[in-house]
Amino acid sequence: MRTWLYKADTQLSPYLYISPFFLLFAVFGLFPLGYTAWVSLHDWSLLADEHAFVGLGNYAELLADPYFWNALRNTLSILALSTIPQLILALILAHLVNRPLRARTLWRLGLLLPNVTSVVAVVVIFSQLFGRDFGLINWLLESFGLGRIDWQAGVASSHVAIAAMITWRWTGYNALIFLAAMQAVPKELYESATLDGATAGQQLRKITIPSIRPTIIFVVIVSTIYGLQVFAEPQLFAGGGPNGIIGGPDRQFQTLTLYMYEHGFNRGFEFGYASATAWVMFGLIVLAAAVNYLITRRIRSSR
Amino acid sequence: MRASLRRLLVPIMVTGLLATAACGSDEQPGGNEKITLNVALFGDFGFKPLYEEYSKAHPNVTIKERISDYAAHHQSLISHLATGSGAADIEAVEIGYLSSFTATPNRFHNLLDLGAGSLESQWLPWKWQQGLSTDKKTLIGLGTDVGGMAMCYRTDLFKAAGLPTDRDAVSKLWPTWDEYVATGKKYKAAAPKSYFMEASGNMFRAMVEQASTGVYDNADKLIVDSNPSVKKAWDLTVDAIASDQSAKLAAWTPEWSAAFGKGTFATIVCPAWMTAYIETNAKDAAGKWDIAAVPGGAGSMGGSHLALPKQGKNAQAAYDLIKWLTAPEQQKKIFKATGNFPSTPSLYTDPDLTGFSKPFFNNAPLGKIFTASAQAVQPQHQGPKQGDVFNTIGAGLGRIEQGKQKPDDAWKQVLSDVAKLG
């Protein structure tokens, strides 16, 4: 009896210890996910009492809507414009603060500051910087003899402005993650490389990047997931009017999440259609993560 | 160790029980029981000082207010109605959303059952009608303010463009919208670097709101494609855009707010509630803004009702409060504090209201101007997706302003987008 109890204890207890996470995940993660799938198969308006079953009708309508593809294009464009410079900058910054510096902790803490700031504050400030008539950036452009830009009106210009906000918030955070990984790289590698006459740039490319490959994969995947769900930046950038729903009159910066918001919380509160959008987004994110993984895995390993 | 833990736990549990008991008694309706009423609003309705007054007369009632912004407020109201819990006892509903609730009124208390029937004559008839369900059997809201329209304009910019600055002379410039656009052309010729209006969407909206039928017919059918007054408003607005009169500002952006003070544009369609907004955003432009009559004579843009979600347990107490808050005496106090214009016509002859003016607007007689405007309003039927339809058409005008589309293409896209809303 005692041995049986002992055995049960050693074999079951670990599962019991980790069970709170899985229970909470089931309640707050898995159940909503499944319920959303169920809702997405219905003509489900929050204002109506009847929810008719429509099968895959919402999905068919979604994939046939040119505005959905427009939102997908915008999301991917903002993703590329924000993630790529963000990761390159983060890598360089991490490399810089990984060297012997005066007041090193101060620099490292400073990296995190933009991320601690609330996203609303960041967007409000950046929206003023990118303002058409009274914005600082246009004022600078004009004083250099270049023309003003109506940042919100253009497709490319609005994407650049939004990408700048995302880059500002997340570069330092990613740099810190890179830094943590860099500190685990053996110092001897750098010492012998220095003896062999390798420059700082060569050391970054040939030693650091291959050594922190798993961290790069992680950061790329996490940034992609965030980038595909970007919402607050375009929503607040457009101001409090209807542009905050459709991302400008020509939908020039409507992202996928804004598209979902447009249908779920406006236009008759079509939760069925919005749920279908959410599931398509989920599929896209899984797909993007897989592709990212395959690409970044090809970064040459040091071993 | 164990004993000390128990010593700690017992009082905590007792306090917990007492607290739950106290909450329980809160929810019981009736005579002198303590009642807490939650009020959910978007923006400041100017109710705060009134709550204190009400609580003095009704010491058993505690009022709690929560304020969020326009979109968030209505979205959370709808989510709370759908899930059956979380809504406040009293919820403000703006006219843009009201018609979607009157189409399905079963989630609200019928105010006619609570004794509102005898109050009908207190409101402008159309304001009362707006709160009624489609079958006219359920009243879901009592009216607060109406958005009687006027035209706010910058006297300094008018002077620079060689136009009259006196408000009566300015009103005579534009009895109709055609003459308003013609004035804009004169203005642009004299002051080509400045703009006549902030954006074209408001002008379009005001014109449609003034027509006898707007974007919906009385059977809730969308008639954007067939109503000649909609197309006429569109064409005239396109004309104004083509002559570069619009500053192309997106409403509620930092650029838009700053423009009131900087004098980027000369006129803006001014529902009563807009005056407070101009005053706060253009503090250093005091005396430069003035108010004239709106082209087309009258019209209402915006305005709200107070409604009682059915999930609220203290229906009678909540009804007593909104009946008091929307009564003429209270609406007058709110108008003086915030500029939100009353929906109760008995005040329209009250010299206290008609004689009201504001130094910020060159002592323009706000009371007189908005009274005339509100009295002349021809009621118009509002359909369930009223707000979304105007946003869709506004986006079309925005595409023309930003040079993305030719007017004809923009109109085609508006029609196909509106058809998808139906």
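Domain bounds here come from an automatic or database domain assignment. On that basis, chain A divides into domain 1 (2–39) and domain 2 (57–296), with C-alpha centres 34 Å apart. Please keep in mind that this is a predicted model, where local features need pLDDT of at least 70 and side-chain atom pairs count only at pLDDT 80 or more, while totals for chains, interfaces and linings use all residues. Residues are numbered from 1 along each chain as its sequence is written, and side-chain values use heavy atoms, leaving out hydrogens and water.

**Between the domains of chain A**

- About 420 Å² is buried between domain 1 of chain A and domain 2 of chain A, with carbon and sulfur atoms giving 74%; buried area is the accessible area (1.4 Å probe) that two parts lose on being put together, summed over both.
- Leu33(A), Thr36(A) and Val39(A) supply 83% of the area that domain 1 of chain A buries against domain 2 of chain A.
- Zero salt bridges are counted between these two domains, a salt bridge being a side-chain nitrogen of Lys or Arg within 4 Å of a carboxyl oxygen of Asp or Glu.

**Salt bridges in chain B**

- Arg167(B) pairs with Asp290(B) in a salt bridge, its closest N and O atoms 2.8 Å apart.
- Arg167(B) sits in helix H7 and Asp290(B) in strand E7, so the bridge ties together parts 123 residues apart in sequence; helices (H or I, at least four residues) and strands (E, at least two) are DSSP runs, numbered from the N terminus.

Terms used: Chains are lettered from A and ligands numbered from 1 in the order in which they are written.
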